[in-house]
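Dear colleague,

I am pleased to hand over the structure below.

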Amino acid sequence: MTQQQTAGGDVRLTGISKTYGSFTAVHPLDLTVPQGSFFALLGASGCGKTTTLRMIAGLEEATTGTVSLGGRDITDLPPYKRPVNTVFQSYALFPHLDITENVAFGLRRRGVKSVKKQVDDMLELVQLGDFARRKPHQLSGGQQQRVAVARALINHPQVLLLDEPLGALDLKLRRRMQLELKRIQTEVGITFVHVTHDQEEAMTMADTVAVMNGGRVEQLGAPADLYENPRTTFVANFLGTSNLIEGQVVPSGSDLVVSAGGGTLTLPRERCSAPAADGGRILLGIRPEKISLAHADDAHTIADGRNRVTGRVVDSSFIGVSTQYVVESPAGKALQVYEQNIERDTRLVPGAEVVLHWNPAHSFGLDADQDIDAGAASVEDAA
């Protein structure tokens with residue numbers, strides 16, 4: 001595989017777009033996928049992620065722009081001449097061929113005579129060495145998926161494209177396969193470009209995630225950075241859950257101070273992606289798991305310097321590792337709090353008066369002119 005790793009190069013999309021009549025599926029975008037990385041295109045159905053992938057594969061002709069690989073323009077090359085292979089959600093294995101022949105298919109088509117060692121090595125890589133003589137119908141969904149990956153990788157592509165490859169699997173198997181695909185990618189060092197609508201999947205597997213919305217890349221970065229520092233309401237809501245509290249910036253020193261729900265909240269100025277002039281409106285965001293919940297009777301025990309919001313519990317759900325609370329407050333009708341089930345306070349039941357408190361450094365600020373609910377419904381839409 002070492003030769004293949006060095007022969008690769010970045011995938012570079014320059015001004016690439018796709019229109020169908022008056023409908024624009026992908027607005028002109030520039031995107032670089034670094035060689036050897038695991039890159040995810042993440043978004044809800046219809047956001048343009050699969051179209052972008054298909055333009056890299058050559059299965060879809062770009063309306064404008066270029067696709068280059070390792071500095072070589074491949075925009076006009078047909079799919080079979082591009083050094084890329086695609087794994088689809090429907091694995092498209094040949095039912096009448098055993099696993100060995102499925103994996104060897106690409107090599108045999110190219111006239112390679114001696115395939116046994118290459119096939120054996122590939123089956124070893126995907127941990128299916130003992131299944132070489134079985135037919136696809138004798139394998140589980142996860143095993144079939146690994147055969148499809150082996151069949152693609154044996155051709156030594158510079159880039160492996162994965163289009164919702166885990167979509168047909170149940171949750172537990174999907175989680176196992178996420179780790180499996182990441183292991184394979186690390187082992188072979190080939191660039192993987194992975195399309196998914198599943199936020200957890202993208203964050204588990206990818207080094208870099210491009211969050212797409214309406215045919216545009218909304219934000220690009222490492223999973224932790226996107227989660228901790230969303231720059232738009234869409235990203236804040238689509239990647240996990242965010243509490244977004246609308247407030248007004250009040251004159252202050254180094255930190256931003258926001259008046260909201262009858263009180264004041266602070267956040268570091270550098271964690272606000274919106275223009276934050278005094279008197280202006282911003283959305284202060286805080287993730288549910290960053291908030292602690294105290295019964296109103298214990299308000300005096302909360303350390304100084306923390307952001308505080310008073311409220312009343314309207315709902316609670318025990319989900320094993322944590323309890324999820326919904327709190328009604330002057331700062332927001334349905335603030336969400338996730339508390340680890342370490343020492344549960346049995347007083348925190350619907351109707352209880354509470355204080356939500358958190359470290360101001362965990363807050364982030366967004367432009368209040370955006371749709372506060374953008375991205376929140378897309379999670380269900382994409383399922």
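Cys-272 counts as buried, with a relative accessibility of 13%; buried means under 20% relative accessible area, exposed over 50%, and partly exposed in between, with a 1.4 Å probe and protein chains only. Cys-47 is also buried, at a relative accessible area of 4%.

Please note that this is a predicted model, in which local features need pLDDT of at least 70 and side-chain atom pairs count only at pLDDT 80 or more, while totals for chains, interfaces and linings use all residues. Residues are numbered from 1 along each chain as its sequence is written, and side-chain values use heavy atoms, with hydrogens and water left out.

A disulfide is a covalent bond between the sulfur atoms of two cysteines. Here it is taken as a pair of cysteine sulfur atoms within 2.5 Å, and by this rule the count is zero.

The next topic is strand E7. Helices (H or I, at least four residues) and strands (E, at least two) are DSSP runs, numbered from the N terminus. Five of the five residues of E7 (residues 159-163) are buried, so the strand is largely enclosed by the rest of the structure. Val-159, Leu-161 and Asp-163 point one way from E7, and Leu-160 and Leu-162 point the other way.

Two strands pair if DSSP finds at least two bridges between them. Strand E6 (residues 84-87) pairs with E7 in the parallel sense over four bridges, and Val-87 has Leu-162 as its bridge partner in E7. E7 also pairs with strand E8 (residues 191-196) in the parallel sense, over five bridges; the bridge partner of Leu-160 in E8 is Phe-192.

Yours sincerely
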